[in-house]
Amino acid sequence: MSLMFPPIPYLEWIEGRPEEATYDLGSSDLRQDEPTDDVVPPALVGLAPPEGDVTLRTQLAACYDVGESNVLVTAGATHANFLAAAAAIDLAGGADLDAAAGPQLLVEKPGYQPLVATPEALGARVDRFFRPAEGDYPLVPERVANAADDVALVSVTNRHNPSGRLSSRETLAELARVVADDGGYLLVDEVYGPYVETVDDGPFGGVTAAGLPNTVVTNSLTKFHGLGGLQVGWLVGPERFVERARKVMQHVPAVAEPSVALARRALHHEEQLTMDARALLRTNHGQLASFVEGRGDLAGPLFDGSTFGCFAHETADGDAVATAAWDRGVLVVPGRFFGQPDAFRLSLGRSPDEVEAGLSVLGDVLDSL
């Protein structure tokens, strides 16, 4: 069997744009500081590392209240999702020369493009189930049940990317039962899970699906904590699944030790970092809410606590909005990369001052359309 790894259009399009933009309203990680050449990120400067033999794996196991054998440290959430797809295909018996007969992976639509492209490149048969815009993008387990055909893995994001909708633990539990009954695993990418106003008991205060039957969750320090330069993520799931993912990881690079050391420091001071991130989240959500509410030419829901959402302009599609915005130095993302070409994703992850200035320019752009 020959595998093909074609370019992923969204990742090709976004590369370099956040750095080039005058106003970055496309990136979703919560980061106020500009990247530097220093090894230690600004948010971690002056913070002491944990004492003793505490490992990153031990810290994460404590965060999720699971055993260490249920945790795999990865080089970011993208790496974790790759390992999850490969492990699920492997556990299902491997890819087939005839893609139509290969293991089925179900992915939400609209959704994050790499969650579709990666398993396709690994030889899986990827089908989609809808989270309809008409109902504000609900996650409906019955839609998965109707689309499942001896499914190996069902992949969802929570918060949903690109809409920002947050599904409850109860909904995820119902979905996990549906997937388990069909003999597969549920993958929940939770990089936006901590984006909440009301703090819960989950990791970093958000909803988590960790511990549900046949369920694997992925996350990282990139989005909520704004530490993308570390490239540290993780996968949490059933021991059998994690062990298979660990064997897959022997074929690809793992996370670098300096990043592991800095990630240990970050989790040691997680409460302080989370407090700072939540303050930025609260401020930028308020700015996004005011902007969307003040515009009669935009349609689409903004969910409580979210700093991003998918919005449609009354006369221009997502590409037209993104192109006009880019001409004025403003980065927003065309919805076609998520399967919603009529809309664009607006995401406020930078400092409140940059966000305020960028929204002012974007308002002028929308007026011109």
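Helices (H or I, at least four residues) and strands (E, at least two) are DSSP runs, numbered from the N terminus. With that in hand, R159 turns up in the loop between β5 and α7. This is a predicted model, so to speak of local features takes pLDDT of at least 70, side-chain atom pairs count only at pLDDT 80 or more, and totals for chains, interfaces and linings use all residues. Residues are numbered from 1 along each chain as its sequence is written, and side-chain values use heavy atoms, with hydrogens and water left out.

- N161 sits in the loop between β5 (151–157) and α7 (169–181).
- With a relative accessible area of 4%, N161 is buried (under 20% is buried, over 50% is exposed and in between is partly exposed, using a 1.4 Å probe and protein chains only).
- Skip the neighbours within four places in sequence, and N161 is in contact (heavy atoms within 4.5 Å) with residues including E108, P110, Y192 and R345.

**Cis peptide bonds**
- Another cis bond runs from N158 to R159, with omega near 0°.

**Positive phi outside glycine**
- D150 has a phi near 55°; this residue is in the loop between α6 (141–147) and β5, and is exposed at 62% relative accessibility.
- F204 has a phi near 60°; its place is the loop between β6 (185–189) and β7 (215–220), where F204 is buried with a relative accessible area of 7%.
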